[in-house]
Amino acid sequence: MSPNVPNLLSSKDNFSNFYSEFDLKEKIGKGTFSDVWLCVQRNNGREYAAKVLKKNYGHTVDADKWNAISEINVSNSVGNHPFLLMLKSAYHDKENGKIILVTELMKKSLYDIIENGECPLSEYRIKTYMYQMLEGLRYLHENGFIHRDIKPENILLTSRDKLLKIGDFGTACHAIYGYQYKEYVATRWYRSPECLLTRGWYNSKMDIWATGCVLYEITTGHPLFNGRDENDQIEKIDRVLGSPDLRLTNKFKKHKSDVFVARFETKKQSDRTTGVGLHSVYQPYRPAYDLITDMIVYDPSKRYSANRLLRKSYFYEIKNTVYEYKMREFEKLLKDKSVVNLSKLIDQKSNTTINRQSSIIKKQGPGGDRIQNVQTHSVNVETSDRLSTDISQKIDQPKLDKWKSNLHKILCSKTNIKKSIIIPEPENILHGNRKQNSHNIIICSKDNTKDISPLKQVLTESISTLNKGSVKKNIRNKFVNRPPFK
């Protein structure tokens, strides 16, 4: 459940609204599908990033077209996470058919740090970056999305280079088990083996592989697998990890790609690569070695998830830091949101529940009228009807006639014998005292066997086989409306 999910499909469908709220300053980024501009909000002077999509969406954009835009789909579904860069608003240019997406302005990316020669980064800085990346991916994956383009350019930083956010959800998609995705996704250097060797048969573990490649790059300053094309990319992977075993090869073969055919079917079986091992290119003394060995794994089923990686002892140092504090605040927000939604659900259900009001049952004794109030607790009608059905199924007519006959014999032969039921006070039940402060209810006697109500009949029949004398029986009401636990 996502807190504060922005409603981006609002009335902001006019491009003039964007220009009335923002001023475009300069182009700060350029990509295949969009251009990114620096813009300033007029009413407060705050700087934002405006992503102008190059695709022409026409003069009108309905809800289906809005939801087809990955950034809007993710932002409306996931909501604001401290380590995910979500949209602030979206605008439509009716004249040119362009879509403009406004986000928080991030000063730089990991790519800028690598290009500036700042790598290798310090061990603690690497740890804080990996913690934030994995927390963002964990939340994204738990909400059913795959990013599909994790790379240094999409890992954005604040001005002080401490806080990190994963951005650019242009290729993100829903994770659907057994679904065939697009074959060519992710930047080649960060593409996982299953993306290279199959035709779109992958899952969220591809983001973990790409994150491991980013980890290697900020630690060493150069990419782990920098293939010239797809065939060269898989060869570089095999030189380090070795060719996959026969079991994994057969698994990939079910959905084989052209790269698989060129790598494993064109060549002879003897040409399979052994691999030098990850430890030879990333020595154990380097930072986060224990982390990367569980991320750069050929078999996606053996690759660790983000949640499992975050439980490793490597991240113990992050406890009680500003990064964990941000996650605590976010989780508290999620919890509060869940409680609010739960209370709303309870209120809705309570409105549809019909409560039975308490009734007064008159019990008459031989010495005169003695009226006692018996409280019947509120129960749901559905539960009451089910109980009535069960009782009617269990008690058949022959047995009922037999009980009536026995009752008649007892009432005729044993005159003026009082049968009483002891109903303890509620507080005595709670404290285990079943003998004090109880009420005696007179059920019947010889002189009062006529006009017995159905409820009296049931109570009377329940004691028909008991010996003479005063009989005490403790009764508890099983059906008590309990308040929801906190």
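**Ser 243**

I looked up the surroundings of Ser 243 and found that, leaving out residues up to four places away in sequence, Ser 243 touches Asp 238, Arg 263, Phe 264, Arg 272 and Thr 273; contact here means heavy atoms within 4.5 Å. The model is a predicted one, in which local features need pLDDT of at least 70 and side-chain atom pairs count only at pLDDT 80 or more, while totals for chains, interfaces and linings use all residues. Residues are numbered from 1 along each chain as its sequence is written, and side-chain values use heavy atoms, with hydrogens and water left out.

I placed Ser 243 in the loop between helix H8 (230-241) and helix H9 (246-253). Helices (H or I, at least four residues) and strands (E, at least two) are DSSP runs, numbered from the N terminus. Ser 243 has a relative accessible area of 17% and is therefore buried; buried means under 20% relative accessible area, exposed over 50%, and partly exposed in between (1.4 Å probe, protein chains only).

**Pro 82**

I found Pro 82 in the loop between H3 and E4. Neighbours within four places in sequence aside, Pro 82 is in contact with Leu 164, Lys 165, Lys 326, Met 327 and Phe 330. I also noted Glu 135, which is 53 residues from Pro 82 along the chain, with a C-alpha separation of 9.1 Å.

**The sheet of 5 strands**

I read the strand order of this open sheet as E1-E2-E3-E5-E4, with antiparallel pairing. Two strands pair if DSSP finds at least two bridges between them. Strand E1 (22-30) and strand E4 (87-93) are the edges, each pairing on one side only. On average, and with direction ignored, neighbouring strands of this sheet are turned by 30 degrees against each other; axes are lines fitted to C-alpha atoms, for helices over the stretch in contact, and angles run from 0 to 180 degrees between N-to-C directions.

I then went through the pairs. Strand E2 (residues 34-41) and strand E3 (residues 47-53) are antiparallel over 7 bridges, and Cys 39 has Tyr 48 in E3 as its bridge partner. Helix H3 (residues 70-78) packs on the sheet, where it touches E3, E4 and strand E5 (98-104), and its direction makes about 140 degrees with that of E4. E3 and E5 pair in the antiparallel sense over 5 bridges, with Ile 100 in E5 as the bridge partner of Val 52. Between E4 and E5 I found 6 bridges, again antiparallel, and Asp 93 stands opposite Lys 98 in E5. The hairpin of E4 and E5 has 4 residues between the strands, and in it Gly 97 takes a positive phi near 75 degrees. E5 is largely enclosed by the rest of the structure, because 5 of its 7 residues are buried.

E6 is joined to strand E8 (residues 155-157) by 2 bridges, and Ser 109 stands opposite Leu 156 in E8.

**H5 and H7**

I checked the helix pair of H5 (residues 123-142) and H7 (residues 205-220): their axes come within 11 Å and cross at roughly 165 degrees. The two helices are therefore roughly antiparallel to each other; angles under 35 degrees count as roughly parallel, over 145 as roughly antiparallel, 65 to 115 as roughly perpendicular and the rest as oblique. Among the residues making the contact are Ile 126, Tyr 129 and Leu 137 of H5 and Ile 208, Val 214 and Ile 218 of H7.

**Backbone entries**

I found a cis peptide bond from Cys 119 to Pro 120, with omega near 5 degrees; Pro 120 is placed in the loop between helix H4 (110-115) and H5. Asp 168, in the loop between E9 and strand E10 (173-174), has a positive phi near 60 degrees and is partly exposed at 32% relative accessibility. Asn 320 has a phi near 60 degrees, a positive value in a residue other than glycine. Asn 320 lies in the loop between helix H13 (306-310) and helix H14 (322-351) and is exposed, with a relative accessible area of 65%.

**Cysteines**

I searched the whole structure for disulfides and found 0; a disulfide is a pair of cysteine sulfur atoms within 2.5 Å. Cys 173 is buried at 12% relative accessibility, and Cys 213 is buried at 1%.
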